Amino acid sequence: MDRRGLLPFIVTALFAVMISIFTFSLIDSKNAEPNTHQKPNSGESNSDSDITNNVKNNIKGNKANVNNSIDNDLNNGNNSKIDNNVSNDIEVNVDVNVTNKIKNKADSQDSSSGSNGDGNENSDNDGNNNGNDGGNQDDQDRQTDEDEVVWGVDSASLTTSDLLSCVRENFGSPKVWGRYLGEKDGVSAGITPEEAELLHSNDIKILVIWNRFSNATGLENGQNEARAAIKLAEELRIPEGVAIFADIEPSYPVDSAFIEGWFQGIEDSPYRSGIYGIFEPERALTQAFEEAGNSNSALLENTYVWSAVPNVGITTEKQAPGYKPQAPENALIAGWQYGIDAQACNIDTNLFNGEIIKVLW
């Protein structure tokens with residue numbers, strides 16, 4: 001056959017071979033190509049899903065700042081189970097700050113079970129501090145809003161705009177201001193309605209103090225002092241539910257009968273019972289209070305204690321110590337007068353448990 005006649009057949013055959021090779025190459029490349037649209041395993045399935053998260057922190061040193069965050073998002077048509085286990089083993093000497101945040105979102109047609117697997121956002125703090133009091137104190141300072149610690153002052157002087165400005169300029173902005181019911185000659189000025197209005201207009205709560213006595217012994221004496229304090233409180237229109245603190249100075253003779261009488265007298269009124277003093281273990285006041293509390297559990301549970309120990313000295317609000325008042329065991333601690341007799345402004349400095357706000361004026 002003529003070569004020219006064979007040429008079309010040769011070209012056609014070569015073209016067919018090239019098409020075949022290209023087709024097989026394309027098929028192989030598709031088989032080898034990864035599925036870029038495949039979703040990662042995020043718990044979305046039509047069958048059961050189990051998620052287990054275990055977090056353990058072992059930390060030793062001077063300071064610790066630990067933040068653990070777990071976020072589980074389950075979209076499951078059947079059953080799902082979430083187990084979150086967070087363990088913090090922390091041994092520090094000064095400061096510890098632990099935050100564990102666990103968020104579980106489970107969309108399930110049937111059921112979802114396991115630790116924190118209810119679809120709610122949870123903040124779980126599980127920190128153990130085996131260090132000194134500094135670490136324990138840091139945990140105490142980070143309490144719930146109800147137990148928030150607030151800074152305040154008390155003063156024997158009449159509160160004026162000048163005194164309030166003096167405190168703010170030299171020390172800080174108090175949330176609580178302790179003042180006395182009635183005047184005690186040479187010791188303290190009694191609070192006035194105008195003074196109360198000034199403090200309230202500056203968003204300051206008033207801690208009410210009764211100090212018009214010098215002998216803290218005897219049941220009847222305690223009852224009489226309570227009645228006198230109640231009478232002045234009512235004259236000042238102090239609302240119901242406010243605590244009145246009997247100021248028992250270290251030089252006063254004191255016994256459990258007086259504390260019992262004070263409690264009885266105040267509890268029979270619309271007001272609440274409180275005791276202020278130096279509650280060191282060896283003090284007569286501490287022993288008298290413990291004796292009264294042992295014989296009357298209601299007294300122990302319902303008498304607010306404002307302790308003046310330990311005395312660490314006057315500070316500004318920003319330099320206030322960690323909240324660690326000393327008081328009788330199981331007492332209802334209201335606050336801590338940690339510094340007395342400031343050179344400026346004639347005040348003492350205090351820290352108060354935020355819970356006391358509800359029994360202040």
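Predicted model: local features only at pLDDT ≥ 70, side-chain atom pairs only at ≥ 80, totals over all residues.

Trainee: In which sense do strand β8 and β9 pair, parallel or antiparallel?
Mentor: Strands here are DSSP runs of E with at least two residues, helices are runs of H or I with at least four, and both are numbered from the N terminus. Two strands count as paired if DSSP finds at least two bridges between them, and Val-208, for example, stands opposite Ile-244 in β9. Strand β8 (residues 205–210) and β9 are joined over 3 bridges, and the sense is parallel.

Trainee: What separates the C-alpha atoms of Leu-207 and Val-359?
Mentor: Leu-207 belongs to strand β8, and this residue counts as buried because its relative accessibility is 0%. Along the chain, Val-359 is 152 residues from Leu-207, yet the separation of their C-alpha atoms is 8.4 Å.

Trainee: Which residue of β7 is the bridge partner of Gly-152?
Mentor: Of the 6 residues of β6, 5 are buried, so this strand is largely enclosed by the rest of the structure. It runs antiparallel to β13, joined by 6 bridges, with Gly-152 opposite Asn-350 there. With strand β7 (residues 176–180), β6 pairs in the parallel sense over 3 bridges, and the partner of Gly-152 in β7 is Val-176.

Trainee: Why is the disulfide of Cys-166 and Cys-345 left-handed?
Mentor: A disulfide is counted when two cysteine sulfur atoms lie within 2.5 Å, and a search of the whole structure finds 1. The sulfur atoms of Cys-166 and Cys-345 are 2.0 Å apart, and both residues are buried. Cys-166 lies in helix α3 (residues 161–170) and Cys-345 in the loop between β12 (332–339) and β13 (348–353), so the pair ties together parts that are 179 residues apart in sequence. The disulfide is left-handed because the torsion about its S-S bond is about -85°.

Trainee: At what angle are the planes of the rings of Phe-279 and Phe-289?
Mentor: Rings of Phe, Tyr and Trp (its six-membered ring) pair if their centres lie within 6.5 Å, and planes under 30 degrees apart count as stacked, over 60 as edge-to-face and the rest as tilted. The search finds 7 aromatic pairs, and ring pairs link Phe-245, Tyr-276, Trp-306 and Phe-352 into a cluster. Phe-279 and Phe-289 are both buried. Their ring centres are 5.9 Å apart, and the pair is edge-to-face because the planes are at 85°.

Trainee: How many residues of the lining of the largest pocket are charged?
Mentor: On a 1 Å grid over the protein atoms alone, a cavity is a set of points where a 1.4 Å probe fits but cannot get out, whereas a pocket is an open set with protein on both sides within 12 Å along at least five of seven lines, and lining residues have an atom within 4 Å of a point. Grid points are joined across faces, edges and corners, the volume being the space filled by probe spheres set on them, and the largest pocket holds about 430 Å³. Its lining has 25 residues, with Glu-249, Tyr-276, Gln-337, Ile-340 and Asp-348 nearest the centre. With Ala, Val, Leu, Ile, Met, Phe, Trp, Tyr, Cys and Pro taken as nonpolar, Asp, Glu, Lys and Arg as charged, and the others, Gly among them, as polar, the lining divides into 13 nonpolar, 5 polar and, for the charged class, 7.

Trainee: What is the phi of Arg-237?
Mentor: Most residues other than glycine have a negative phi. Arg-237 lies in the loop between α5 (219–235) and β9, and is exposed, with a relative accessible area of 75%. Although Arg-237 is not a glycine, its phi is positive, at about 60°.

Note on methods. Residues numbered from 1 in each chain as written. Heavy atoms only, no water. Buried < 20%, exposed > 50% of the residue type's maximum accessible area, 1.4 Å probe, protein only.
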